[in-house]
Amino acid sequence: MINVEEELRIILENIKVLSPGKVFILEALGRVLAEDIISPMDIPPWDNSAMDGYAVRAEDIIGASREKPISLRIIEDLPAGKSSTKTVGPGETARIMTGAPIPAGANGVLPVEETQTIGASSVIAFKPVKPGENIRVAAEDVKKGEMVLKSTTVLGPPEIGMLASLGRKEVAVIPPPKIAVLATGDELIELDEVLSPGKIRNSNTYSLGAQIMHAGAKVHLLGMSRDTREDIKARMEEGFEKADMVLTTGGVSVGEYDLVKEIFKELGGEIKFWQVAMKPGKPLVFGLKQDKPYFGIPGNPVAAMVVFEEFVRPAILKMMGHSHLFNPTIRAILKEDLKQKPGRRHYIRVKVWREDNRYVASTTGDQGSAILKSMVLANGLAIIPEDCQIVRQGEEVTIKLLPW
């Protein structure tokens, strides 16, 4: 049995980032950028109005006020999208809309609410403006030749908007991996089947599938296999053929029907380790088949979910090119004693909240590895070190936050 840190090291050093591909920019949301983005243009490309009003020569309306308005002659209307061919001369102005280019001769924009039109061709100004006031200057956002997005950036809505501003319809990103999920066990039945003695519904496929999707990857469901070599082998072969990573649940312990490890080796897989010093989640297998990762995850629902958060999610994120791989941690004060047998790292399902300007945590009830309700009620996992037998009420403990 190896410890958690050593297992993470082995996993991550064997995970490769997927090859990039170009996609439509909306499909790139949440993906990791695989190219540097250099602006081919200034943004904005010209001086333009920051509001609706009148393009003026600031020197023409010095001292304007409600008591002493100054009259200007309107020479044209400039809606957004129209560029002027005229020059604003002394005593003249152009009616201008937000985003329209500033006409030659003008050096400020007077807001429309500080004016009053007189007939169709003149306006009076009630307020002066400073040179440059209410003008968005060319290249004030981005300069031509500037690197606006670096490779490895995770693309969010602002980055997608920037790509669109630069005229980029497609962009190179790391694609989401496809993760195959196989649940094993004669005791499993499908969701719409009637329960009978000794049978349980297959929840692992769907909780793990949801975790995979939450991590940003795609799910390929391999269904449920019976505890026979032929069935398990056929489904695992399909997984390695169609997916970038294979997860199986159940069949990795030491029972007579725990066949998955041996079948993985028969398929040409190389096991990197088996069993990790943690609870829940001890009977964990990690290996590679032609560079494709394989995780043999325990069959108990909570153990499967905890193992996923601790090991599988970081592996998936690395495949997608992310640099931040782990769920955030905080320190919280325990509301009760926690007693554990030393020798393994324990992950206790807890509810965390703020109280008196600090984080506090309480367990979510029965901590059995099959008690899925303990995960439903939890928003964090309290981590109890291997050498610790008890953490007392009022002491601090590290909490790994659950990302959902």
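Predicted model: local features only at pLDDT ≥ 70, side-chain atom pairs only at ≥ 80, totals over all residues.

Let me begin with a question: in which sense do strand β4 and β7 pair, and over how many bridges? Strand β4, residues 53-56, pairs with β7 in the antiparallel sense, over four bridges, where two strands are said to pair if DSSP finds at least two bridges between them. Within that pairing, Gly53 stands opposite Pro111 in β7.

Residues are numbered from 1 along each chain as its sequence is written, and side-chain values use heavy atoms, with hydrogens and water left out.

The pair I opened with belongs to an open sheet of six strands, ordered β7-β4-β6-β5-β9-β8, with mixed pairing. At its edges stand β7 (108-111) and β8 (115-118), each with a single partner strand, so one side of each is left without a neighbour in the sheet. On average, neighbouring strands of this sheet are turned by 40 degrees against each other, direction ignored; axes here are lines fitted to C-alpha atoms, for helices over the stretch in contact, and angles run from 0 to 180 degrees between N-to-C directions.

Stepping back to the whole chain, the secondary structure comes to seven helices and 28 strands, taken as DSSP runs numbered from the N terminus, with helices being H or I of at least four residues and strands being E of at least two. The radius of gyration is 32 Å, well over the 22 Å that the globule rule gives for 404 residues, so the chain is more spread out than a compact globule; that radius is taken over C-alpha atoms, and the rule is 2.2 Å times the number of residues to the power 0.38. The C-alpha atoms fill a box of roughly 95 × 50 × 40 Å along the principal axes.

Now to another open sheet of six strands, with the order β16-β13-β17-β21-β20-β18 and, again, mixed pairing. Here β16 (218-225) and β18 (270-274) are at the edges, each with a single partner strand, so one side of each is left without a neighbour in the sheet. Neighbouring strands in this sheet are turned by 20 degrees against each other on average, direction ignored. Inside it, β17 and β21 run parallel and are joined by four bridges, and Val246 has Tyr294 in β21 as its bridge partner. Helix α3 packs on this sheet, touching β13, β16 and β17, and its direction makes about 170 degrees with that of β16. Helix α6, for its part, lies across β13, β17 and β21, running at about 175 degrees to β21.

What does the largest nonpolar core contain, and which members touch the most others? It has 45 residues, and Met245, Leu247, Phe295, Phe311 and Ile316 are those that touch the most other members. Such a core is a set of buried Ala, Val, Leu, Ile, Met, Phe, Trp, Tyr and Cys residues joined through side-chain atoms within 4.5 Å. Among the elements that each supply at least two residues are α1 (4-13), α3 (204-214), β17 (245-249) and β21 (292-297), while the largest share, 12 residues, comes from α6. Leaving aside neighbours within four places in sequence, Phe311 is in contact (heavy atoms within 4.5 Å) with Val4, Glu7, Leu8, Ile11, Val276, Met278, Leu284 and Phe295.

Finally, the backbone. A cis peptide bond joins Ile43 and Pro44, with omega about -10 degrees, and Pro44 is in the loop between β2 (37-38) and β3 (48-49). The bond from Lys279 to Pro280 is also cis, with omega near -5 degrees.

Are they buried or exposed, where buried means under 20% relative accessible area, exposed over 50%, and partly exposed in between, with a 1.4 Å probe and protein chains only? Ala139 counts as buried at 13% relative accessibility, whereas Asn357, at 71%, counts as exposed.
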